[in-house]
Amino acid sequence: VTTNLERFRERLAAAGALIPEAILPLVAVMAGPMLAGLDALADFDAHGVEPFRPAERLMRDAQP
Amino acid sequence: VTADPTTLSVAALGRALRTRALGAVEVADAFLARLAARGERVHAFATVTGDEALSAARAADAALARGDGGPLAGVPIAVKDNCAVRGVVRTNGSPACAGDPRAVADATVVARLRAAGAVILGTTHLQELALSPTGVNPALGTPANPWASDRMPGGSSSGSAAAVGAGLAAAAIGTDTGGSVRIPTSLCGLTGLKPTYGRVSRAGVTPLAWTLDHVGPIVRSAEDAALVLEAIAGDDPDDPTAARLPVPRYAADLERSLRGVCVGVLADVRRGRVDPEVGRLVEEAIAALGRAGAVVTEVAAPTLPHAMHALGAVFLPEADAALRPLLGERFDRVGVEAQILLELAKLVSARQYLAAGQVRARLYDELRAALATADVLALPTTPVPAPAVEAQVVRVGDGEESVVQVLASLTGPFNLTGLPALALPCGFTAAGLPASLQLVGRPFGEAALLAVGHAYQRETDWHTRRPPE
């Protein structure tokens, strides 16, 4: 059985990220919601909308 | 008899200085004396520029005597230590930068404050590299929350909020990438504005996340926010994202009636994970707006639950891309928490970054639709009052969550969309901790947003409360 910590370690290795082994369990817990959020983005149905470009869009809609 | 200058708002100080009831040197002396007496305990300032402040105060007195002082002539203001201030080392809240050379030029925001006659008192501490919203900085020290020293001040503009809250500056400049002006504003019982993306130049400010970064004031009232914004806003050839739009006379346009103004309440937030006391105080604030003539209606933004996922997917890789090259060999001297965050950035894929951009576009469209009906949106600034300094998790609703995630959960959506957002104190919990109402406006609609905030502060006195000495 692969544990969450092992999966986290594999994910870090695949991305080339280095976290000291001594604090890995703590970081795995604290980063858990963020990683779940990143995974959830893959399921977001964006209907093909273009990514947001703040400077351009806000200027276009300016209502001073 | 004139009140102690350190207790006055920017607006009141300006009036006293223009009528010569107070002199600028007298005001600067009062703030510097208070800093000398209380500065160490509050730990708000990284650098105090006392001699330069007195020199600027003398110049302000001369200008005021000639009748040509700028709009902020003689008003003492502090600047977050990720903004360049000529002659000052910019630590960015990190020991890695504490040995850097002194800045040779001001950030645009600082230059504009000086041009308006402001007296720069110095630079304020922040969370390391502005990377997190708690305000806790183990390496360079954590500024004290003026309402409870065992509670987080909020961050990352922790020192700016602590300085204004403790009466060590009349106003302060903060930066806001996920809530870093509004979160410490909320936890310290102050008023703070994140303007529209591009409204205030970021030239000379250490970048954190290019598409999320904003600069804004932390002050004591919406009127003060209007006065400072008017001085610092505007186009800037040194910042390609600075908007080429005229700057309205925000302060002159504050006195508006709330009659007929529509306040939209986000339904998911209203029924979401918010501390019960904070939720009640924010509902009372919304009811106060209604009693003053506003029409309150519920609005929806179905994409809002995805906002924090998107914030992480944008914030981390942009911060990594901005900070690693900037730090270079100094990266090894960055604290562990900041290093870990930048390492975690490597876990964000290009696909996830782009999906986050799509979430932003959808969320923006939904909020713009809500703001077609409503003039402003109203929600809590932070779902919880100031957590204990050492807290890693906080209880919200029926469970515990990461304090970092919770603190930024209601501010981050307006960094993603760039919409202007104003934080206003709206009461105190039974433990005596401030709660904060957040109002959100239309793109570049700061004038209307500040007018609603000002109208709320005409009806209430939370912004006049001062922490115990």
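How many aromatic pairs does a search of the whole structure find over all chains? The search finds three.

## Basis

This is a predicted model, in which local features need pLDDT of at least 70 and side-chain atom pairs count only at pLDDT 80 or more, while totals for chains, interfaces and linings use all residues. Residues are numbered from 1 along each chain as its sequence is written, chains are lettered from A and ligands numbered from 1 in the order in which they are written, and side-chain values use heavy atoms, without hydrogens and water.

## Aromatic pairs

Rings of Phe, Tyr and Trp (its six-membered ring) pair if their centres lie within 6.5 Å; planes under 30 degrees apart count as stacked, over 60 as edge-to-face and the rest as tilted. Phe52(A) and Tyr364(B) form a tilted pair, 5.0 Å centre to centre with 40 degrees between the planes. Both Phe52(A) and Tyr364(B) are buried (under 20% relative accessible area, with a 1.4 Å probe and protein chains only).

Trp147(B), Phe428(B) and Trp462(B) are linked by ring pairs into a cluster.

## The sheet of chain B

Strands E5 (residues 191-194) and E6 (residues 214-219) of chain B run antiparallel and are joined by two bridges. Thr191(B) stands opposite Val219(B) in E6(B).

Technical notes
Buried means under 20% relative accessible area, exposed over 50%, partly exposed in between (1.4 Å probe, protein chains only). Two strands pair if DSSP finds at least two bridges between them. Helices (H or I, at least four residues) and strands (E, at least two) are DSSP runs, numbered from the N terminus.
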